[in-house]
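User: I want to learn to read a model feature by feature. Where do we begin?

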Amino acid sequence: MARVLTPRAEDFPRWYQDLIAKAKLADNGPVRGTMVIRPAGYAIWERMQAEMDARIKAAGAENAYFPLFIPESYLKREAQHVEGFSPELAVVTHGGGKPLAEPIVVRPTSETVIGEFMAKWIDSYRDLPLLLNQWANVVRWELRPRLFLRTSEFLWQEGHTAHATREDARAYARKILHEAYEDLMVNVIGIPVVVGLKTTRERFAGATATYTCEGMMGDGKALQLGTSHELGQNFAKAFDISYSSKEGGREHAWTTSWGTSTRMLGGLIMAHGDDNGLRVPPRLAPIQAYVMIVKDGEGVAEAAAKLRDGLRDAGVRVALDDRTDTAFGRRAVDAELRGYPVRVEVGPRDLAVGNATVVRRTDGSKSPTPVADVVAAVLAALETDQQVLHDQALANRESRTVEVATLAEAIEAAANGWARVPWSAVGVAGEAEANGQGVTVRCLLRADGSVPDSEDEPDLIAILARAY
């Protein structure tokens, strides 16, 4: 397999690019910074999307869709927002062969256009909370693109809500953070995330607070996998999102926004992949069990099809590979690269003694198994290996996270992993110094691991790391 992928320990970025190419997950688009998501990659994204969508709906939000094109004047209404996004904007100046009266921004995020319509749709306290989500593409002109991690166009969901009080808005932003984002990342994608508060320097443009889910990748760097923002009344005042209160007065709403993207696919690759390719947690995998005919023989095709049907009837997402005109070794390598959690290999020799071979992707183990027991063996492997991948990622994070007392020690530790350091030992000036050396404060935590309300709380812990 070393001939197929660059070993991770030798060159992690090259391994990442090799894996995406060889597993046929994505390709570079014709415009610099864009990507083509191939069927194997898109199937994983669809599973992420379905799991996330179910959690968002369970939290009470409804899906809607808003325009790709946004009048430039909308972005200028919230000063911090336009300042934060201006270097990344793609702007349309011509349409239908003529200059436009007003330039149009290609959606970098939808706070402004959704704010316009929230103001139109909200009149009374009875209209609150208004809980919206959209699945869409967005464009942020990226200077240093990397497939899935940073592309000029990417796919995501973005939630936008309006509430009657600050307390309701904060509670909902955190509900999404924990019940949608953290739950999906930990229990489905198998990445043990640290959930915390972004510093003022790192928070979303126009927000009053940004909460984040941070995962450690296989090389010790951090990846921001999802964020949830309190926007205070900044956008409500800019777009006049107001309502008649129970007391009859006119009040501005409190709003939130929150998003996750195809960056989660990059996180999946870098958190779980190995030198043989991708490893997809069973709960996420589009194909959980891959039944492969090793070689044609009497009864082999029939036995393989029967195993496929039995697995499907047991609720397993299963596929059958009967391409015996292609060498089995090549097909097995492709299956390893794609990260199918379990392979069931069916050949004449094993079948002659009533067996098939169950192969687990997590450790490569191969177990000759009576055909009658294959379904039970696969179900057990899927349950076990979901936890195995999570636990391996957690062990990697714990082994590469160190407790330090000073900023200098934190910057040094960030060369190989994460540092936990008292926020009081870093502060605003120290954060700027760390940034100058390529290290960022990923988030702030309370001593008990819970999420603080403000960076001004006493005794906070800062997580410092290099990041993608």
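Analyst: We begin with a definition. Helices are DSSP runs of H or I with at least four residues, numbered from the N terminus. By that rule Arg170 is found in helix H6. Keep in mind that this is a predicted model.

User: How many residues does helix H6 have, and how far does it reach?

Analyst: Helix H6 covers residues 166-187, which is 22 residues. From first C-alpha to last it reaches 30 Å, close to the 32 Å expected at 1.5 Å a residue.

User: Where does H6 bend?

Analyst: At Tyr181, by about 30°.

User: Is Arg170 buried or exposed?

Analyst: Buried means under 20% relative accessible area. Arg170 has 17%, so it counts as buried. Other buried residues of H6 include Ala169, Tyr172, Ile176, Leu177 and Tyr181.

User: Which residues does Arg170 touch, leaving out those up to four places away in sequence?

Analyst: Tyr211, Glu230 and Asp453.

User: Give me another arginine. Where is Arg77 found?

Analyst: Arg77 sits in the loop between helix H3 (72-76) and helix H4 (79-85). Its relative accessible area is 36%, so it is partly exposed. Leaving out residues up to four places away in sequence, Arg77 touches Glu116, Ala238 and Phe239. For a sense of scale, take Arg77 and Asp296: they are 219 residues apart in sequence and 68 Å apart in space, C-alpha to C-alpha.

User: Now strands. Which way do S10 and S11 run, parallel or antiparallel?

Analyst: Two strands pair if DSSP finds at least two bridges between them. Eight bridges join strand S10 (residues 209-216) to S11, and the two run antiparallel. Gly226 in S11 is the bridge partner of Cys213. The hairpin of S10 and S11 has five residues between the strands, and there Gly220 takes a positive phi near 90°.

User: How many bridges join S11 to strand S14?

Analyst: Four, and again the run is antiparallel. S14 spans residues 254-261. His229 stands opposite Ser257 in S14.

User: Why is S11 described as largely enclosed by the rest of the structure?

Analyst: Because eight of the nine residues in S11 (residues 222-230) are buried.

User: Let us move to a sheet. In what order do the five strands of the open sheet lie?

Analyst: The order is S16-S15-S17-S18-S19, with mixed pairing. Strand S16 (318-321) and strand S19 (366-370) stand at the edges. Each has a single partner strand, so one side of each lacks a neighbour in the sheet. On average, neighbouring strands of this sheet are turned by 25° against each other, direction ignored.

User: What joins S15 to S16?

Analyst: Four bridges join strand S15 (residues 289-293) to S16, and these strands run parallel. Tyr290 stands opposite Ala319 in S16.

User: Which helix packs on the sheet, and which strands does it touch?

Analyst: Helix H9 (residues 300-313) does, touching S15, S16, strand S17 (342-346) and strand S18 (355-360). Its direction makes about 170° with that of S15. Helix H10 (residues 328-338) lies across S15, S16 and S17, running at about 175° to S15.

User: Last topic: aromatic rings. How many aromatic pairs does the structure hold?

Analyst: The structure holds 10 aromatic pairs. Phe12 and Trp15 form a tilted one, 5.0 Å centre to centre with 40° between the planes. A pair of rings is described by just those two quantities, the distance of the centres and the angle of the planes. Phe12 and Trp15 both lie in helix H1 (residues 12-22), three residues apart, about one turn of the helix. Phe12 is buried at 8% relative accessible area, and Trp15 is buried at 0%.

User: What about the rings of Tyr290 and Tyr340?

Analyst: Their centres are 4.5 Å apart and their planes stand at 40°, so this pair is tilted. Tyr290 lies in strand S15 and Tyr340 in the loop between H10 and S17, so the pair ties together parts 50 residues apart in sequence. Tyr290 is buried at 10% relative accessibility. Tyr340 is buried too, with 13%.

User: Which residues form one aromatic cluster?

Analyst: Phe66, Phe117 and Trp121.

Key. Residues numbered from 1 in each chain as written. Predicted model: local features only at pLDDT ≥ 70, side-chain atom pairs only at ≥ 80, totals over all residues. Heavy atoms only, no water. Expected span 1.5 Å × (residues − 1). Bend = angle between axes of the 7 residues up to and from the residue. Buried < 20%, exposed > 50% of the residue type's maximum accessible area, 1.4 Å probe, protein only. Axes fitted to C-alpha atoms, helices over the stretch in contact; angles between N-to-C directions. Contact = heavy atoms within 4.5 Å. Phe/Tyr/Trp six-rings, centres within 6.5 Å; stacked < 30°, edge-to-face > 60°.
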